[in-house]
Amino acid sequence: MTSRDLHLVLTADTHVPKRAKDLPDDLWTAVEVADVVVHAGDWVDEATLAALEVRSRRLVACWGNNDGDGLRARLPEVARVELGGVRLGVVHETGGKQGREARMDAAYPDLDVLVFGHSHIPWDTTTPGGLRLLNPGSPTDRRSQPHCTYMTAVIRDGGLGEVVLHRLPSRR
């Protein structure tokens, strides 16, 4: 039996409509061809969730600290799923960067990959316990970063393959 690659789009901190009227076209294009879209919270509006549900083949998502009761009623604080043999979790907040790896090893011993958001700062590390930590940044609010960003990843042969950070063009 051969396994098929799974193509993922990872995003977080979309903050629509506070930081942008809509998601960038490049991100929508990636969403429409991905097998799975992962969103690590801070949607702000339910319309973006509804749009991603319609345009994604599969959506795995959680709520963030800026998400109101409507989003919290529809999404978990932590989402967990098995994708192609990879145990993936999604959470918005992981605390400060100091000690993050040890905290996440302790909090999520049952995962292979944890996608998180909140800081708007792209992050890609592997903890001493082997947990891959990924933060795709934000596609709409770069804060102190040089670019707005999102990530793509491939799950292949029961493991996480290529992870790519995509820089989005400046909005003018």
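Guide: Contact means heavy atoms within 4.5 Å. This is a predicted model, where local features need pLDDT of at least 70, side-chain atom pairs count only at pLDDT 80 or more, and totals for chains, interfaces and linings use all residues. Residues are numbered from 1 along each chain as its sequence is written, and side-chain values use heavy atoms, without hydrogens and water.

Visitor: Which elements do the buried residues of helix 2 pack against?
Guide: Helices (H or I, at least four residues) and strands (E, at least two) are DSSP runs, numbered from the N terminus. The buried residues (under 20% relative accessible area, 1.4 Å probe, protein chains only) of helix 2 are Thr 48, Leu 49 and Leu 52. They pack against helix 1, strand 2 (36–39), strand 3 (59–61) and helix 3 (69–74).

Visitor: Which exposed residues does the face of helix 2 turned away from its buried side carry?
Guide: Exposed means over 50% relative accessible area. On helix 2, the face turned away from the buried side carries Ala 47 and Val 54.

Visitor: Which residues of helix 2 meet helix 1?
Guide: Helix 1 covers residues 25–33 and helix 2 covers residues 46–55. Helix 1 contributes Trp 28, Val 31 and Glu 32. Their partners in helix 2 are Ala 51, Leu 52 and Arg 55.

Visitor: Is Trp 43 buried or exposed?
Guide: Trp 43 sits in the loop between strand 2 and helix 2. Beyond four places in sequence, its contacts include Thr 48, Leu 49 and Leu 52. Because its relative accessibility is 0%, Trp 43 counts as buried.

Visitor: Which residue's backbone oxygen lies 3.0 Å from a polar atom of the Trp 43 side chain?
Guide: The contacts of Trp 43 also include Leu 59, Ala 61 and Cys 62. The backbone oxygen at 3.0 Å from that side chain's polar atom belongs to Cys 62.

Notes. Axes are lines fitted to C-alpha atoms, for helices over the stretch in contact, and angles run from 0 to 180 degrees between N-to-C directions. A polar contact is a pair of N or O atoms within 3.5 Å; within protein, one must be able to donate a hydrogen and the other to accept it, and residues adjacent in sequence count only if both atoms are side-chain atoms.
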